[in-house]
Amino acid sequence: MKTPIKLKVKPIRNGTVIDHITANRALSVLKILDLPNQKNTVTIAMNVLSSQMGSKDIVKIEGRELASKEVDKIALIAPYATINIIRDYKLVDKGKVHLMNKISGIFKCPNPNCITNTDEPVNTKFLVIEKKPVILRCYYCERIMEESEIEAQF
Ligand code: ZN
C-alpha cells in the first residue's frame with residue numbers, strides 16, 4: 001500500500017483560494033485572471049483527490065481578490081468552483097461561482113457565417129442552455145458551444 005504524500009502548503013495571508021476547479025482547468029483559470037503577467041504569488045494544485053468531484057484543481061493567489069467579471073468567466077469553465085476570500089489568514093467570504101443566463105461580448109461565435117462575424121456592428125451574445133457542464137447557444141445563429149470550445153477562447 002502506498003503512503004499518501006502530504007504536501008504542506010503555506011496558508012495565505014491575504015488573497016483568494018479558488019477550490020473545486022474542474023480537473024486540469026487551473027491553467028485556464030490563471031489565463032482568465034491574467035496571472036502570467038502579474039507579480040502575485042500563485043500556488044497551483046492539479047488533480048487533487050476530491051470526494052465530491054473525483055479530482056479537482058485548486059489555485060491560491062496571494063494579494064488578489066477577484067472582480068465579479070472574472071468570477072463570471074471562471075464559472076464558464078469551472079462551474080463547480082468555490083471562491084474563498086482570505087484576509088489576515090481568516091476566511092472572510094466563501095461563495096460558489098454563479099453563471100449568468102446570457103453572455104455578451106466575451107466570446108466569438110465559432111460559426112464563420114454568423115452575423116457577429118460579419119462587418120455588421122453586432123456584439124456576440126450567447127444563451128446559457130446548460131450549466132453543468134456549460135453549454136452555450138449563439139443568440140443569432142444558434143450554434144452550440146461546449147466547455148472545451150469555450151476554454152479554447154481564453
Ligand atoms: Zn453565432
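## Reading the sheet, the zinc site and the salt bridges

Author: An open sheet holds 5 strands in the order β2-β3-β1-β4-β5, paired antiparallel. The model is predicted.

Reader: Why are β2 and β5 said to stand at the edges?

Author: β2 (42-50) and β5 (90-96) each have a single partner strand, so one side of each lacks a neighbour in the sheet. Neighbouring strands are turned by 20° against each other on average, direction ignored.

Reader: How do you know that β1 and β4 pair?

Author: Pairing needs at least two bridges. Strand β1 (residues 15-22) and strand β4 (residues 82-87) have 5 bridges, in the antiparallel sense. Within this pair, D19 stands opposite T82. With strand β3 (residues 54-62), β1 forms 6 bridges, also antiparallel. There V17 stands opposite K60.

Reader: What makes β1 largely enclosed?

Author: Of its 8 residues, 7 are buried, so the rest of the structure largely encloses β1.

Reader: Why is the arrangement around the zinc ion called tetrahedral?

Author: The protein donors are the SG atoms of C109, C114, C138 and C141, lying 2.3 Å from the zinc ion. Four donors count as tetrahedral if all angles lie between 85 and 135 degrees. Here the 4 donor atoms subtend 100 to 114°, so the arrangement is tetrahedral.

Reader: What makes C109 and C138 a pair that ties parts together?

Author: C109 lies in the loop between β6 (102-104) and β7 (125-131), and C138 in strand β8 (residues 134-138), so the pair ties together parts 29 residues apart in sequence. Both C109 and C138 are buried. The donor spacing in sequence is C-x4-C-x23-C-x2-C.

Reader: How do you know that K56 forms a salt bridge with D19?

Author: The limit is 4 Å between a side-chain nitrogen and a carboxyl oxygen. The closest N and O atoms of K56 and D19 are 3.0 Å apart. K56 is in strand β3 and D19 in strand β1, 37 residues apart.

Reader: Why are K56 and D19 called buried?

Author: Buried means under 20% relative accessible area. K56 has 10%, so K56 is buried. D19 has 16%, so D19 counts as buried too.

Reader: What makes the bridge of E151 and R25 a tie between parts of the chain?

Author: E151 lies in helix α3 (residues 147-152) and R25 in the loop between β1 and α1 (26-32), so the pair ties together parts 126 residues apart in sequence. R25, E147 and E151 are linked in a network of salt bridges.

Conventions:
Residues are numbered from 1 along each chain as its sequence is written. This is a predicted model: local features need pLDDT of at least 70, side-chain atom pairs count only at pLDDT 80 or more; totals for chains, interfaces and linings use all residues. Side-chain values use heavy atoms; hydrogens and water are left out. Helices (H or I, at least four residues) and strands (E, at least two) are DSSP runs, numbered from the N terminus. Axes are lines fitted to C-alpha atoms, for helices over the stretch in contact, and angles run from 0 to 180 degrees between N-to-C directions. Buried means under 20% relative accessible area, exposed over 50%, partly exposed in between (1.4 Å probe, protein chains only). Donors are N, O and S atoms within 2.8 Å of the metal (3.2 Å for Na, K and Ca); water is not among the atoms, so sites may look incomplete. Four donors count as tetrahedral if all angles lie between 85 and 135 degrees; four count as square planar and six as octahedral if opposite donors are over 155 degrees apart and all others between 65 and 115; anything else is irregular.
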